[in-house]
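Reader: I am new to this structure. Please show it to me, and then let me ask about it.

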Amino acid sequence: MKALFFDRFGDADVLSYGNLPAPALDAQSVLVAPTFVGLNFADIYRRQGNYVLQGEAPWIGGYEGVGHVVAIGADVCGWKIGQRVGFVDVPRAHAELVLARPDQLVTLPDDIADQSVAALLLQGLTAQYLVEDSVTVRSGNTVLIQAAAGGVGRLVTQMATALGAQVHALASTPAKREQARENGAVAAYDYQEDWVARVQQATGKGVDIAYDSIGTTLMQSVAALRPGGRAVIFGKAGGTPPFIDPLELMEGSKGIIGGDLWTYLNDREGRQGRVDRLFAALHAGRITLPHIRTFPLNAGQDAHRLLEDRNFAGKIILKIV
């Protein structure tokens, strides 16, 4: 099968496109032929050697995609050959064939194009658990969202706004701050200013919830909280978060919550319910699709370089067939 792979860590030049052995179907697995797969910063970090990778080299990136079932293990029930499916946590997805567990697959609405599925699933489910599970966003909450024009930040802004929250956004450029306001933020701030002071001044006491995907800014996020507020750390795009003395949280009764999507994708029924709610929100207009840029799988180096540039606003997907 054709795949986008790497056998050493480094920049985009370490990626190769070529033939690798197809995954072997076992009795408890399903073989899927993807049509489109998503490209995410986690794929960049794995290629650089900064995230855990399964197995041995050559490694294949990717975790999310959409395609059709082409083979079913002898012990598998509930799926049919030819059935259209999506997935968000299946490793080695940047290839013509992907091996998945049956409970990792979800059914999809017929009226959602494959490109849209690959562009929305992972970031959408991430934003969804952040507003539903890490903390429950309610009408009247004040919410701070870092990297608000990014893939997840954009959706958290839209979801929190739809729930009746007031969103205060952080973004690195004037264009991104304007995008955040277009997505519903009541205010948008520059990282180069004293945004903690501005957030506290605008809200009067600090925000109820702060979402931090930068990492190095975690203590600033905590400082922007009202007494009793909660910060959710779910990424480290800017670097490793600082060590925190719990006593610094005690006086203001503040808390820090870790966030990871895989915690909540723990059974087939729950996974399908989350996907159904995500596409229901899209149909209802509570969230929107990002700008989508598509690359063929054999142009994976170019796709990685564009994502690493960080000036691209949208979602990059790879076309398999």
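Reader: Is R8 buried, exposed or partly exposed?
Author: This is a predicted model, where local features need pLDDT of at least 70, side-chain atom pairs count only at pLDDT 80 or more, and totals for chains, interfaces and linings use all residues. Residues are numbered from 1 along each chain as its sequence is written, and side-chain values use heavy atoms, with hydrogens and water left out. Buried means under 20% relative accessible area, exposed over 50%, and partly exposed in between (1.4 Å probe, protein chains only). R8 has a relative accessible area of 49%, so R8 is partly exposed.

Reader: Which residue forms a salt bridge with R8?
Author: A salt bridge is a side-chain nitrogen of Lys or Arg within 4 Å of a carboxyl oxygen of Asp or Glu. Here the closest N and O atoms are 3.8 Å apart. The partner of R8 is D7.

Reader: How many residues apart are E64 and K315?
Author: Their side chains meet in a salt bridge, 2.5 Å from N to O. The pair links distant parts of the chain. E64 and K315 are 251 residues apart.

Reader: Which residues are joined into one network with D302?
Author: D302 forms a salt bridge with R305, the closest N and O atoms being 3.3 Å apart. D302 and R305 are three residues apart in helix α9, so about one helical turn separates them. Salt bridges that share partners join D302 with D13 and R305.

Reader: Which residues does F312 touch, beyond four places away in sequence?
Author: F312 sits in the loop between α9 and β15. Contact means heavy atoms within 4.5 Å. F312 touches H291, R293 and L306.

Methods
Helices (H or I, at least four residues) and strands (E, at least two) are DSSP runs, numbered from the N terminus.
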